[in-house]
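Here is a short briefing to read alongside the sequence and the 3D view.

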Amino acid sequence: MKLVILLALFGVSLAQHNPHTKHGRTAIVHLFEWRWADIAAECERFLAPNGFGGVQISPPNEHIIINNPWRPWWQRYQPIGYNLCSRSGNENELRNMITRCNNVGVNIYVDAVINHMCGAGGGQGTHSSCGSWFNAHTEDFPTVPFSNSDFNDHKCRTGSGEIENYGDSNQVRDCRLVGLLDLALEKEYVRGKVAGFMNKLIDMGVAGFRVDAVKHMWPGDLSNIYGRLHNLNTKWFSGGSKPFIFQEVIDLGGEGISSKEYFHLGRVTEFKYGAKLGTVFRKWNGEKLSYTKSWGEGWGFMPNGNALVFIDNHDNQRGHGAGGAAIVTFFDPKLHKMAVSYMLAHPYGVARVMSSFRWNRHIVNGKDQNDWMGPPSKSDGSTKSVPINADQTCGDGWVCEHRWRQIKNMAIFRNVVNGQPHSNWWDNQSNQVAFGRGNRGFIVFNNDDWDLDVTLNTGMPGGTYCDVISGQKEGSRCTGKQINVGGNGHAHFKISNRDEDPYVAIHADSKL
């Protein structure tokens, strides 16, 4: 009997590692700070037609509103309750978006902030996104309701009440993270309120959660909360499906808490991935692209089945979190496209693409003074809609990397080669590399300071293929370079290091 229970629990946890993307779809995109109405439209007009599997949305629940600095992005990570009205829209708009995206086969994953409420200095009154009253000073959040007995103040053993030593796992989990009021998740009442919030979203049709600040919560508390979660809505998901859980655990090594403590609960964000790949593409510390032959677990990353991978995220593209200046972002478009394309071509992990908004960087002593800036906004502080230009890019300060031709086409590449092994590796012992995915796809990079001119075994069937980086297949024609693969699977590649995009990718569906 004990074995049956253990197997059942093991099955539940493994189920939470499954993103439930529809057949033939793989990549997730983070539409950071987008309004619900714009996400609904984007699912229908772009994400579904181009094979994206899902969207990570910003936290949907009630949060503080800060006017100094003017409406920073991080106010979304300071909840004052679980009512579903935020800078992105109200509950009806959220429900409409979830329905419309599900109806075209694009999953919604909610960024869930359950470790804390707003900061102790968050004030009092009705300056919240739903207009609800709260008092951070007395820890009074009546819309939940939470009171001062629902927080961890009594458990924290530091003089300041803040985390003072990241080597001490008790502090990291029981004290305040940068002043944020730390919820007592061991309390039955608090667990019930958190699970109720998540279950409401599951019943509305979300496919899972990106759980924020996970290393600041005890694995046992999370296990209890996740164990209370409903199965996914059978209108869109097969019966008995558990929500996909991917947990933000910043672990570059050397701290008191390790990401592996959370593997049994769901996938975990592999922060080493973007930090290392950024270092490689920047050619820092003597790193070379040729060293990535063993990319993935061979580089000391977590097991493939536990990993959620990304090049940059909303924190570390601003210099927070992990990776520092190694992280490549839209500010380095050439390197960013190459790094994201490498990720989408490689089989390791569940891949997430970042979609950003632009801000004016102001670097003083290595720190961006404008890293707080919120999304493109109107004069009243409300978030602007995302306009789509004639060339399919976005306007009004929205970057939309997922719409860049190279990244969009590599998301399709990932779908076409899904399930195929990493194969036919080649390198020049420097920064020119190539690899295939079985007989379904092949990609070649030139990140050296000289031209690449070589004949390689692609492993692909003979024929003429359209390079999906310089262009794409449209009907029977190709808008970019054409690659001729011989009957023996060999093809000649010539890539100048001065090219706008010094890499080439072909796949089974780009054959002319």
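**A sheet and its helix**

F442 has I506 of strand 24 as its bridge partner. Keep in mind that this is a predicted model. The UniProt annotation "domain: Glycosyl hydrolase family 13 catalytic", from an unreviewed entry, covers residues 26-414.

- Strand 17 (residues 441-446) pairs with strand 24 in the antiparallel sense, over 5 bridges.
- These strands belong to an open sheet of 4 strands with antiparallel pairing, in the order 15-16-17-24.
- At the edges are strand 15 (422-427) and strand 24 (503-507), each of which pairs on one side only.
- From one strand to the next, the twist averages 10°.
- Helix 8 (residues 333-345) packs on this sheet and touches strand 15, strand 16 (432-437), strand 17 and strand 24. The direction of helix 8 makes about 150° with that of strand 17.

**The annotated span**

- Residues 26-414 are 24% helix and 13% strand.
- The end C-alpha atoms of this span lie 7 Å apart.

**Nonpolar cores**

- In soluble globular proteins, nonpolar side chains tend to be buried together.
- The largest nonpolar core here has 136 residues, and the members touching the most others are I39, V55, M97, F141, F209 and F445.
- Apart from that core lies another, of 15 residues, with F442, V454, M460 and A491 among them.
- Leaving out residues up to four places away in sequence, V55 touches residues including I28, I39, C43, L47, V106 and Y109.

- The structure holds 5 disulfides. Counting bonded cysteines along the chain, their pattern is 1-3, 2-4, 5-6, 7-8, 9-10.
- C43 and C101 are joined with an S to S distance of 2.1 Å, and both are buried. This link is right-handed, with 90° about the S-S bond. The pair connects helix 2 (residues 36-47) to helix 3 (residues 91-103), distant parts of the chain, with the two cysteines 58 residues apart.
- C156 and C175 are joined at 2.0 Å, S to S. The torsion about their S-S bond is about 95°, so this disulfide is right-handed. C156 is buried at a relative accessible area of 11%, and C175 is buried at 1%.
- C394 and C400 form a disulfide with sulfur atoms 2.1 Å apart. Their torsion is about -100°, so this disulfide is left-handed.
- C118 is in no disulfide, and the nearest cysteine sulfur, that of C130, is 14 Å away. C118 counts as buried because its relative accessibility is 0%, under the 20% cut-off.

Notes
Residues numbered from 1 in each chain as written. Predicted model: local features only at pLDDT ≥ 70, side-chain atom pairs only at ≥ 80, totals over all residues. Heavy atoms only, no water. Core = buried A, V, L, I, M, F, W, Y, C linked by side-chain atoms within 4.5 Å. Buried < 20%, exposed > 50% of the residue type's maximum accessible area, 1.4 Å probe, protein only. Contact = heavy atoms within 4.5 Å. UniProt positions renumbered as here; feature names shortened; annotations may be inferred. Pairing = 2+ DSSP bridges. Axes fitted to C-alpha atoms, helices over the stretch in contact; angles between N-to-C directions. Disulfide = S-S within 2.5 Å.
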